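Below is a short briefing on one protein model.

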Amino acid sequence: MSDRYQALRVKVASLSRERNQKALPKGSHQALRQTQRLIEEQTRILPRDDRGPLACRAGCNFCCHLRVLCTAPEVFAVIDWMRAQASAEDFKQFRQRVAATAETLHGLDPDKVLRTNLACPNLVDGHCSVYAARPLSCRAYHSLSREACETSFNAPENLDLGHPQLTALAKVHEGGLAGLIGALDQAGLDSRQYELVTAMDEALRDPAARTRFENGERAFSTPLTDIQSSGSRAF
Ligand code: SF4
């Protein structure tokens, strides 16, 4: 990686950590919002060639069939957003979709967890139904080639298939997330990254997950095998 990209990541991580340390005493949702804003701000000031053009378009959702990694505050943010925005009936359906997808994931052989296309339960009619509250990894995911994403989607067994990305854009997101994780760590809060669907399911079933997080304990169990070292099919 060139020095320029490394320097960009370090700069954003440092800014993110500093701002998150100030925001965390007001609550993890404030810190998360702060991280989102920083990433948006740092993306806007990238040179035009570092920002696009991207192949991503509304309605293209190959990536929403992969596994998503996120911190506990991001899991709570999705649920809080749904509680605030959705009707009682829509929230019930959301819970049912999450529970059904989590059950499917739990039932997969460990080595199939990454090798299976499984629609995110937040994907409704081809679009993200929690777009405003989607996790940082979903915001970071981008591609320069729709064909590469489709090829990977059609060959879920192959963990080596990737897709071309913009390095600068990826580094801004990496830095933002690293700063959030660093600040959570420093505050003595759970900074682990969890698989989105199973963590949402646990948060919906067990309100104590939030209390555990606030008490500096592990928010969620880790029901899936180690998906952190995941190759191209978890992000
Ligand atoms: S949260 Fe939204 S953007 Fe992220 S994988 Fe699910 S549907 Fe896609």
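Helices H1 and H7 cross in a right-handed sense, meaning that the near helix is turned clockwise from the far one, left-handed being anticlockwise by less than a right angle. This is a predicted model, in which local features need pLDDT of at least 70, side-chain atom pairs count only at pLDDT 80 or more, and totals for chains, interfaces and linings use all residues. Residues are numbered from 1 along each chain as its sequence is written.

**Helix packing**

- The axes of H1 (residues 3-23) and H7 (residues 167-186) come within 7 Å and cross at roughly 35°.
- Axes here are lines fitted to C-alpha atoms, for helices over the stretch in contact, with angles from 0 to 180 degrees between N-to-C directions.
- Helices (H or I, at least four residues) and strands (E, at least two) are DSSP runs, numbered from the N terminus.
- The contact of H1 with H7 has ten nonpolar, ten polar and five charged residues.
- In these classes, Ala, Val, Leu, Ile, Met, Phe, Trp, Tyr, Cys and Pro are nonpolar, Asp, Glu, Lys and Arg are charged, and the others, Gly among them, are polar.

**Nonpolar cores**

- The largest nonpolar core has 47 residues, and Val75, Val78 and Met200 have the most contacts inside it.
- H3 supplies seven residues, the largest share of this core.
- A core is a set of buried Ala, Val, Leu, Ile, Met, Phe, Trp, Tyr and Cys residues joined through C-beta atoms within 7 Å.
- Buried means 20 or more other C-beta atoms within 10 Å of the residue's own, exposed 12 or fewer, and partly exposed in between, with C-beta atoms placed from the backbone.
- Met200 touches Val75, Val78, Ile79 and Val98, not counting residues up to four places away in sequence; contact means C-beta atoms, placed from the backbone, within 7 Å.
- Another core, of seven residues, lies apart from the largest one and includes Val12, Ala13, Leu169 and Val172.

**Ligand shell**

- Around the ligand are Cys64, Val68, Cys120, Asn122, Leu123, Cys128, Val130, Arg134 and Cys138, where near means a C-beta atom, placed from the backbone, within 6 Å of the molecule.
- By class, this shell has seven nonpolar residues, one polar and one charged.
- Val130 sits in the loop between strand E3 (127-128) and H5, and is buried because it has 22 C-beta neighbours inside 10 Å.
- Beyond four places in sequence, Val130 touches Val78, Trp81, Met82 and Asn122.

**Two arginines**

- Arg51 lies in the loop between H2 and E1 and is partly exposed, with 16 other C-beta atoms within 10 Å.
- Apart from neighbours within four places in sequence, Arg51 contacts Thr43, Leu46, Leu166 and Leu169.
- The C-alpha atoms of Arg51 and Leu166 are 7.1 Å apart, at a sequence separation of 115 residues.
- Arg95, in helix H4, has 18 C-beta neighbours inside 10 Å and so counts as partly exposed.
- Arg95 and Arg205 are 110 residues apart along the chain, with 9.2 Å between their C-alpha atoms.

**Backbone geometry**

- Most residues other than glycine have a negative phi, and most peptide bonds are trans.
- The peptide bond from Gly52 to Pro53 is cis, with omega near 10°; Pro53 lies in the loop between H2 and E1.
- Asp125, a residue other than glycine, has a positive phi, near 50°.
- Asp125 lies in the loop between strand E2 (123-124) and E3 and counts as exposed because it has 6 C-beta neighbours inside 10 Å.

Conventions
Two residues are in contact if their C-beta atoms, placed from the backbone, lie within 7 Å.
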